[in-house]
Amino acid sequence: MKKMTSLKMKKLLEEKLAHDDFRTSYNRNNDTFRVEWKESKQGVSITLPNVVSKYNERGEEAVQEIIDHTLEALKIMNEKHDLKGKEKHIFPVIRATSFPTKTNAGDPLIYKDHTAETRVFYALDLGRSYRLIDQPLLEKEGWTAEQLDEIATFNIRSLSTDYKVDRVAGNDFYFIATQDGYDASRILNEAFLKQMKANAKGELAVAVPHQDVLIIADIENKTGYDILAHMTMQFFTDGRIPITSLSFLMEDDQLTPIFILAKNRREK
């Protein structure tokens, strides 16, 4: 496999994403490649060093994955969407508090605060991908944010909560990773968390290091906190859409961030 550079990757992406209705550009300062619709100027910016790194690890397959995601995102941007009649396809998504609260076009996204580390946004599921719901789309339907939240919260309860379990150093760790895009969102299924809490032998902790996993830990000894902290950081580092490297303790139906200060110590 020939050594890939940012400029070679830019040329490759230009070839793969060539389309009469697209405009492409390269920002040398940021080392980013942008492809956008000529008419609306809505588009996607790709950080070239990241793609080069993935190419060096996985070859052409990694580039094709980026192409597919980019084309899907561009397609969604160019479509008109409605919420009425699609209520069953609306779900909440968990994001970090640093996640943008406006679209690239400057429209406010609908969200609510969740914990000190996380916020809840709302997505219209489109099959292979989804579109985050913004203020203009909500107003077009005449819905309130409360109505949207109620629909999304109801739908998250309908998703499977099947998990895999590992016992490590006397602690049970449960993993939900269905890859449906809403694994972390299952942290909003309060009935499920209460059931897990009721069945826990020790203290119940939860973590959403990235979009595609929910970790629930039944902590029975002090070592469990260190294992959970290490595990959460590893998932956070590897995740496609990272959320938070902190985990949360569930006490009185509230999620409180846990800070692991040193071996066998925890502090909230």
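Visitor: Which residue in β12 does Val 206 stand opposite?

Guide: In this predicted model, strand β10 (residues 203-207) and β12 run antiparallel and are joined by three bridges. Within that pairing, the residue of β12 that stands opposite Val 206 is Phe 248.

Visitor: Is strand β12 largely enclosed by the rest of the structure or largely open, and why?

Guide: Buried here means under 20% relative accessible area. Strand β12, which covers residues 247-251, has four of its five residues buried, and it is therefore largely enclosed by the rest of the structure.

Visitor: Which strands stand at the edges of the open sheet of three strands, and why is one side of each left without a neighbour?

Guide: Strands of a sheet pair through backbone hydrogen bonds, either parallel or antiparallel. In this open sheet the order is β1-β2-β3, with antiparallel pairing, and the twist from one strand to the next averages 15°. The strands at the edges each have a single partner strand, so one side of each has no neighbour in the sheet, and these strands are β1 (22-27) and β3 (43-47).

Visitor: Over how many bridges do β1 and strand β2 pair, and which residue in β2 stands opposite Tyr 26?

Guide: Strand β2 comprises residues 32-37, and its pairing with β1 is in the antiparallel sense, over six bridges. The residue of β2 that stands opposite Tyr 26 is Phe 33.

Visitor: What volume does the second largest pocket have, and which residues of its lining are the closest to its centre?

Guide: The volume of the second largest pocket is about 400 Å³. It is lined by 20 residues, and the closest to its centre are His 114, Ile 187, Leu 188, Glu 190 and Leu 255.

Visitor: Taking the whole protein, what percentage of its residues count as buried?

Guide: The C-alpha trace spans about 60 × 50 × 30 Å along its principal axes. Among contacts between residues at least 6 apart in sequence, 57% join residues at least 24 apart. Of the 268 residues, the share that count as buried is 44%.

Definitions and conventions: Residues numbered from 1 in each chain as written. Predicted model: local features only at pLDDT ≥ 70, side-chain atom pairs only at ≥ 80, totals over all residues. Heavy atoms only, no water. 1 Å grid on protein atoms, 1.4 Å probe; cavity = no way out; pocket = protein on both sides within 12 Å on 5 of 7 lines; lining within 4 Å. Points joined across faces, edges and corners; volume = space filled by probe spheres on them. Pairing = 2+ DSSP bridges. Helix = DSSP H or I, 4+ residues; strand = E, 2+ residues; numbered from the N terminus. Axes fitted to C-alpha atoms, helices over the stretch in contact; angles between N-to-C directions. Buried < 20%, exposed > 50% of the residue type's maximum accessible area, 1.4 Å probe, protein only. Contact = heavy atoms within 4.5 Å.
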